[in-house]
Amino acid sequence: MATDAPALPKGITKGTRPPGLIADRAFRILALLAGLMVLVILGLIAVSTTREAWPWFQAEGLNIFTDTWDPSKNTFGALGLIYGTLLVAAVAVVLSLPISIGIALFVTDVAPQRLRRPIVYTVDLLAAIPSVVYGLWALFVLAQPLSSLFQSVSDATSGIPVLSTIFGNPSASGKSFMTAGIIVAIMITPIITSITREVFATVPASQKEAALALGATRWEMIRGAVFPHSRSGMVAGTMIGLGRAMGETIAIALVVGASQRVTANVLGPGDTLASVIANQFGEASGTQRSALIGCGVVLFVITILISMAARAVVTRADRRAGIA
Amino acid sequence: MKRISVSLRWLVPAVLVVGLVTSGAAVAGAKNAPVQGGSATLNASGATFPQSYYEEVIGAFKQKDSNVTINYAGGGSGKGRQDFADQVVDFAGSDAPYKPEDLAGVKGGTFFYFPTVAAPITVSYNLSSVKKLQLSAETLAKIFSGEIKTWDDAAIKADNKGAKLPSTAITVVHRADSSGTTENFTKFLTAAAPTAWTLGSGSTVSWPADTQAGQGNSGVGQTVKNTDGAIGYVDFADAKALKLQFARIKNKDGKFVAPSVKATTAAIDKAQVKGDLTYDPLNASGAGAYPIAAPTWLLVYQNQSDSAKGTAVKNFLNYIYGNGQKLAPEVDYAPLPKSLLDKAKAQVKKVGASSSSSGASTSTT
């Protein structure tokens, strides 16, 4: 210890350690451990799943990116599943995003003050429902009416070049990419809503008032003042919703139709990486078992890529906003 | 203050270490849990198809011998075989024997297959106007591979002379989850209609795109019940519970037989039983045999390191082969015929016996 140290705080004599120091160190170690724990867990998951999946990667090589998933012939190409995962997640986000932003704007800028809390509570309540309940509801309540709706959509679009492929022959029980997408859209709406709502709430009132003072209508104010300020937050919220949609398992497994193939027909049955694991793991052995664990690895990688992309988008948008 | 901080500093690593050690011990303990005074807890997992029967038998066995607790966790045959191979359960249920290439992974040495019960797999359909439907294996194969699209197809008419069949479209319903039921059903089609059936056999097969999937036997049954013109394969107990109509299936002797407990026992009786007590009751001969029956086995190691557990397993097996067989029809499972029952009882005596190479199924380790 230096002898010409600045005057010590009151109550501490020279030569003893300040009592706060040990607590401070303990806190640092605790925080470090907590931080490291995430990395360790993530690493352990990655290592053990990859090791278990290795026989699949070895047996199929690049054929894991073909779309023949046929356990009876011991062929496991996951392209149909990757495609299904992305398609269901995309349908969910496309359906959910406008509604979520609508709810968020309504709550922050349109609704009368006393309506805001109840709406926020109700939307947050949606997030508390277990996914299996969503799945069963979709299976028993939603699927049948949807299948007749799909039939009329398919009839109406038959003959129109692109639409007739996208809205092709619907599945008779209503189990399809679309049904799964709709149910996942409901599940991610509270997530996207709550994040965008928080972001909209940070828009300075002065900017909004300035826009209104310049004669902007409410919509022009939202477009000119709220959206530019919140763009990165909206992207982040969407990406978190997308990640949630890709990882959703049981609700999708119940209504997606368990058919592993690449098809443009969103009204037909399909399958996703997570739901095939739920459906087939119990009876799987040998290569099928490693292929299913491999599906988990593939999903892990896709999710990491998406969240890295989200981070990149957000930082770029922030930087641009900072320069402007 | 100082003292608290020091202990806090060590608390987290200490908790971590204790946690790791105890979780490691818990895994190890599954194999060698201490036994107090003759009581034993047996943990098992595996096939879900016989699970309701096992629960019935375990309940009845518990009344007889309250010292023994048996937990049968289900999870599927594949999980059962994996858990058994890794020695994390005391015994396991499986609807199919190990594949030869998987035997190397069985870590506990010699083990036995114990057949317990069997059950018919019904071909259930939803056609309100047709009370009695007869199908041959070829017709069934063509229906499930999507070749036959309507109920008034010539092939179905040929199986049902004189019946009035509607022109309703056929909706094929299959399992969404992989299942021993699918495996046995497709194995039957492969054996009985090798030319008409091209999708192969397995716990999941690549079904045509315009078919429907249901979750579990009850999911398939429910979809059949809700869809006019639907046909699907459903296990006997679930099909009965949902009050579905069953088709009569043409057996090897050319007779159309309806699914029943009796017709299933008749099918097992004619089946070729191998030395390790595995057998294949599918497409069995015999006038009264129902050709689509699913067998199931319990897997038990010969070497029982824990004598209390070993005794409990033997008692449980003996109970299954005694009063347990009488319980089977009550829950819509077929008891074993006498010939197989005698062989199984003889095999129980080998469990826990000092390791000689008398085991019928020897793993390659």
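This is a predicted model: local features need pLDDT of at least 70, side-chain atom pairs count only at pLDDT 80 or more; totals for chains, interfaces and linings use all residues.
Local features are reported where pLDDT is at least 70 and side-chain atom pairs count only at pLDDT 80 or more, while totals for chains, interfaces and linings use all residues. Residues are numbered from 1 along each chain as its sequence is written, with chains lettered from A and ligands numbered from 1 in the order in which they are written. Helices (H or I, at least four residues) and strands (E, at least two) are DSSP runs, numbered from the N terminus.

Let us stay with β4 of chain B, residues 111–125. It is mostly covered, since 15 of its 15 residues are buried; buried here stands for 20 or more other C-beta atoms within 10 Å of a residue's own, exposed for 12 or fewer, and partly exposed for what lies in between, with C-beta atoms placed from the backbone.

Stepping back, chain B is divided into domain 1 (6–117 + 297–348) and domain 2 (120–268), with bounds that come from an automatic or database domain assignment. The contact between them takes 14 residues from domain 1 and 11 residues from domain 2, where contact requires C-beta atoms, placed from the backbone, within 7 Å. On the domain 1 side, the residues divide into 10 nonpolar, 2 polar and 2 charged. Nonpolar covers Ala, Val, Leu, Ile, Met, Phe, Trp, Tyr, Cys and Pro, charged covers Asp, Glu, Lys and Arg, and the others, Gly among them, are polar.

Now for the meeting of the chains: 39 residues of chain B are in contact with 30 residues of chain A. On the chain B side, the elements giving two or more residues are α1 (2–31), α3 (77–85), α6 (180–192) and β7 (212–214). Of these, α1(B) gives the most, with 6 residues. By class, this side of chain B has 10 nonpolar, 21 polar and 8 charged residues.

Chain A has a helix worth a look. Its α8, residues 218–247, has 30 residues, yet its end C-alpha atoms are only 37 Å apart, short of the 44 Å that a straight helix would reach; that expected span is 1.5 Å times one less than the number of residues. A kink of about 60° is centred on A:Arg231 in α8(A), the bend being the angle between axes fitted to the seven residues ending at a residue and the seven starting there.

Finally, two backbone details. A:Ala258 has a positive phi of about 50° although it is not a glycine, and its place is in the loop between α9 (250–255) and α10 (273–280) of chain A. A:Ala258 counts as buried because it has 28 C-beta neighbours inside 10 Å. In chain B, phi of B:Asn283 is near 55°, a positive value in a residue other than glycine. B:Asn283 lies in the loop between α9 (261–270) and β12 of chain B, and it is buried, with 22 other C-beta atoms within 10 Å.

How values were computed: Two residues are in contact if their C-beta atoms, placed from the backbone, lie within 7 Å.
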